[in-house]
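This report goes through one protein model by region. Please keep the sequence and the 3D view open while reading.

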Amino acid sequence: MLCPTCNSAISEDSMLCLRCGALQEAIHNQVIHGFVQELMEEGRTAYEDNQHEEAIATFKKILEIQPEHAEAAKSLSLIE
C-alpha cells in the first residue's frame, strides 16, 4: 500500500506512514467522524441550554468540515 502523501510503501496494519507521518485515509476519516460527532453533541447541548449563538457557531463549524452533513444543516436552519 502506498502513502497518499509521499507515495512511500506502508504496511496495511500501520496507522501512520513512517516516512512522512501521514495518517492512513481510513484512520483519518475515523478521526474526522469522531470529531464531528463530538461537535454535534456540543451543538445540541448548547441549544438545549439556550446558548443559541454557540450552537449556531458549532453547527457552522461542522458544515465547514463536512458541507454535506445533513443533520448539522437541519439543526442550523431550525435555530436560525
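S75 is buried, with a relative accessible area of 18%; here buried means under 20% relative accessible area, exposed means over 50%, and partly exposed lies in between (1.4 Å probe, protein chains only). S75 lies in helix α3, helices being DSSP runs of H or I with at least four residues, numbered from the N terminus. Leaving aside neighbours within four places in sequence, S75 is in contact with M40 and F59, where contact means heavy atoms within 4.5 Å.

The model is predicted, so local features need pLDDT of at least 70 and side-chain atom pairs count only at pLDDT 80 or more, whereas totals for chains, interfaces and linings use all residues. Residues are numbered from 1 along each chain as its sequence is written, and side-chain values use heavy atoms, with hydrogens and water left out.

Helix α3 spans residues 70-79, and A72, S75, L76 and I79 are buried in this helix. These residues are on the same side of α3 because they cover an arc of only 100° around the axis, the arc being that of the directions from the helix axis to the C-beta atoms. A70, K74, S77 and L78, on the other side of α3, are exposed. The cover over the buried residues of α3 includes α1 (25-48) and α2 (52-65).

**The nonpolar core**

In soluble globular proteins, nonpolar side chains tend to be buried together. The largest nonpolar core in this model has twelve residues: V36, L39, M40, A46, A55, I56, F59, I62, L63, A72, L76 and I79. Such a core is a set of buried Ala, Val, Leu, Ile, Met, Phe, Trp, Tyr and Cys residues joined through side-chain atoms within 4.5 Å. Each of α1, α2 and α3 supplies at least two residues of this core, and the largest share, five residues, comes from α2.

Which residues does I62 touch, not counting those up to four places away in sequence? I62 touches V36, L39, M40, H69 and A72. Among them, V36, L39, M40 and A72 belong to the core along with I62.

**Salt bridges**

Side chains of opposite charge can pair when their charged atoms come close. How many salt bridges does a search of the whole structure find? The search finds three, a salt bridge being a side-chain nitrogen of Lys or Arg within 4 Å of a carboxyl oxygen of Asp or Glu. E41, R44 and E71 are linked in a network of salt bridges. R44 is partly exposed at 30% relative accessibility, and E41 is partly exposed at 43%.

R44 also forms a salt bridge with E71, and here the closest N and O atoms are 2.5 Å apart. This pair links distant parts of the chain, with R44 in helix α1 and E71 in helix α3, 27 residues apart. E71 is partly exposed, with a relative accessible area of 39%.

The side chains of E80 and K60 meet in a salt bridge as well (3.8 Å, N to O). E80 lies in the segment after α3 and K60 in helix α2, so this pair ties together parts that are 20 residues apart in sequence. E80 is exposed at 60% relative accessible area, whereas K60 is partly exposed at 41%.

**A nonpolar surface patch**

M15, L16, L23 and V31 make a nonpolar surface patch of about 340 Å². Patches are made of residues with over 30% relative accessible area and no salt bridge; like charges are joined within 9 Å, and nonpolar side chains (Val, Leu, Ile, Met, Phe, Trp, Tyr) within 5 Å. Accessible areas come from the Shrake-Rupley method with a 1.4 Å probe, and for residues only the protein chains shown count as cover.

L16 lies in the segment before α1 and is partly exposed at 38% relative accessibility. L23 is also placed in the segment before α1, and L23 counts as partly exposed at 33%. Leaving aside neighbours within four places in sequence, L23 is in contact with M15, L16 and H28. The C-alpha atoms of L23 and P4 are separated by 9.2 Å, and these two residues are 19 residues apart along the chain.
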